Amino acid sequence: FEMGTLLWLAAFIAVASAAVSKNDELECMFLGYPDLEYDGYDRTEVLTEKNFNKTVFAEDAKSVVFFNDVEEDDSELDQYECFLQLSAQVMTKRGYNFYTVNTTKDIRLRKQEEVEKGEDTIHVYKDGYKIEYNGVRDPETFVSWLMDIPDDPVTIINDEYDLDEFESQDDINVRIIGYFEPGSAALKEFEEAAEDFMGEVEFFAVVTSYWARRVGLRRVGEVQMLRPFEEDPIFAPSSADTEEEFEDWVEKHKEPVMQKLTLDNYFNVWRDPEEDEKMILAFVDEETREGRVMKKLLDKLADENSEYAGTLEIVLIDPDEFPLMVDVWEDMFGIDIEEGPQLGLVDISEKEGIWFDMSQVNLDDPRKHSDSNFEVLQAWIDQILAGSISLDDDDEPAPPPPPPKGKKSKKEL
């Protein structure tokens with residue numbers, strides 16, 4: 001699924017000139033903001049292996065680096081240029097510098113920064129930390145995300161504001177919370193480990209018994225992981241008190257069974273699963289009655305199947321949050337998203353899926369059919385995990401899904 005397909009969200013237009021490598025003839029626009037205009041200044045520089053380290057790791061430097069293999073004759077070049085220039089116009093005033101790296105030319109630099117061959121990605125370097133941006137390439141989304149990057153890898157909860165921040169991320173991000181003595185070596189190791197997961201996992205800590213009780217921690221040294229849509233926390237081994245031990249534990253358990261697709265995590269979630277992982281897409285409009293009922297069933301499924309994290313991945317998608325992608329997804333998988341909830345075992349690269357027969361569940365009377373609905377869905381999940389429902393089954397290929405029906409308005413709430 002190429003990046004260019006996702007640029008439907010970008011609030012800009014690029015009009016290329018004959019010399020596409022020259023920025024002075026590139027016209028970009030912020031759409032939807034009549035008083036906001038691109039001033040035409042080029043604010044990006046090219047980095048190479050020779051000047052990369054001394055530039056992005058300089059003291060107090062805040063750098064945005066776009067790693068790409070886009071050639072000058074690529075039709076997407078102007079779109080990428082406008083995305084960077086419009087973002088830079090806003091963020092250079094806030095101390096950020098913007099750079100590009102051609103990964104086709106600077107192969108050793110690509111490997112140094114752990115960028116996959118052919119991958120287009122954005123890294124932010126700030127205060128010695130490296131944070132990867134996984135959201136859509138849209139200036140408004142990116143600038144908003146950039147402004148929200150925390151100054152420190154660990155948020156120490158000392159007041160109600162910090163507690164609200166911690167609680168507001170329930171079912172959104174994977175969170176780690178630990179109880180430490182203030183200034184202790186263990187807290188320092190915890191902070192060092194958190195640096196490697198910035199932008200991916202949110203780390204919090206408490207250093208007093210009062211705030212420990214407020215977040216449900218009972219003893220000094222206790223560390224919990226809270227994954228989206230799962231009720232029970234995962235406890236770190238009591239012996240874990242070094243950076244390496246914390247990192248190994250987080251790396252092992254950080255993948256939740258279910259996560260919601262958002263503008264900020266798009267490229268981290270909308271990707272092919274690992275080789276032994278089963279990916280299920282769940283299109284659920286949470287503003288409809290059927291959608292709310294299905295969402296509760298999925299919440300229970302995620303919690304009951306938490307032991308299969310790393311093997312089972314459910315991607316929750318609210319089509320209202322991606323209105324311009326609905327037609328793309330319907331054409332890709334041959335489904336009718338606006339008809340109601342849709343669940344399918346999918347292969348994103350191959351653009352194929354095996355879709356659950358929604359007639360097997362009753363979403364009109366959830367109180368009466370709650371248990372039977374869950375049992376049917378769990379049986380379907382069990383078949384997927386056992387391999388009896390599989391996209392690799394060449395002997396009995398799944399019948400093609402019915403063509404999308406005519407569009408109809410959302411059901412009344």
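Me: Where is Asp152 found?

Reply: A word first: this is a predicted model. Asp152 lies in the loop between α4 and β6 (154-156).

Me: Is Asp152 buried, partly exposed or exposed?

Reply: Buried means under 20% relative accessible area, and exposed means over 50%. Asp152 has 47% relative accessibility, so it counts as partly exposed.

Me: Which residues form the negative surface patch?

Reply: Patch members need over 30% relative accessible area and no salt bridge, and like charges are joined within 9 Å. Here the negative patch consists of Glu59, Asp60, Asp127 and Asp152.

Me: And which residues gather in the patch of positive charge?

Reply: On the surface, the positive patch brings together Arg289, Arg292, Lys296 and Arg367. Helix α10 (residues 289-304) gives the largest share, 3 residues.

Me: What is the place of Arg292, and how is its accessibility classed?

Reply: Arg292 sits in helix α10. Its relative accessibility is 37%, so Arg292 is partly exposed.

Me: Now a loop residue. Where is Asn134 found?

Reply: Asn134 is in the loop between β5 (129-133) and α4 (139-147).

Me: Why does Asn134 count as buried?

Reply: Because its relative accessible area is 14%, and the cut-off for buried is under 20%.

Me: Which residues is Asn134 in contact with, leaving aside its neighbours within four places in sequence?

Reply: Contact means heavy atoms within 4.5 Å. Asn134 touches Asp264, Asn265, Tyr266, Phe267 and Asn268 in this way.

Me: How far apart are Asn134 and Leu263 in sequence and in space?

Reply: In sequence, 129 residues separate Asn134 and Leu263; in space, their C-alpha atoms are 8.6 Å apart.

Notes. Residues are numbered from 1 along each chain as its sequence is written. This is a predicted model: local features need pLDDT of at least 70, side-chain atom pairs count only at pLDDT 80 or more; totals for chains, interfaces and linings use all residues. Side-chain values use heavy atoms; hydrogens and water are left out. Patches are made of residues with over 30% relative accessible area and no salt bridge: like charges are joined within 9 Å, nonpolar side chains (Val, Leu, Ile, Met, Phe, Trp, Tyr) within 5 Å. Accessible areas come from the Shrake-Rupley method with a 1.4 Å probe; for residues, only the protein chains shown count as cover. A salt bridge is a side-chain nitrogen of Lys or Arg within 4 Å of a carboxyl oxygen of Asp or Glu. Lys and Arg count as positive and Asp and Glu as negative; His and the chain ends are not counted. The place of a charge is taken as NZ of Lys, CZ of Arg, CG of Asp or CD of Glu. Helices (H or I, at least four residues) and strands (E, at least two) are DSSP runs, numbered from the N terminus. Buried means under 20% relative accessible area, exposed over 50%, partly exposed in between (1.4 Å probe, protein chains only).
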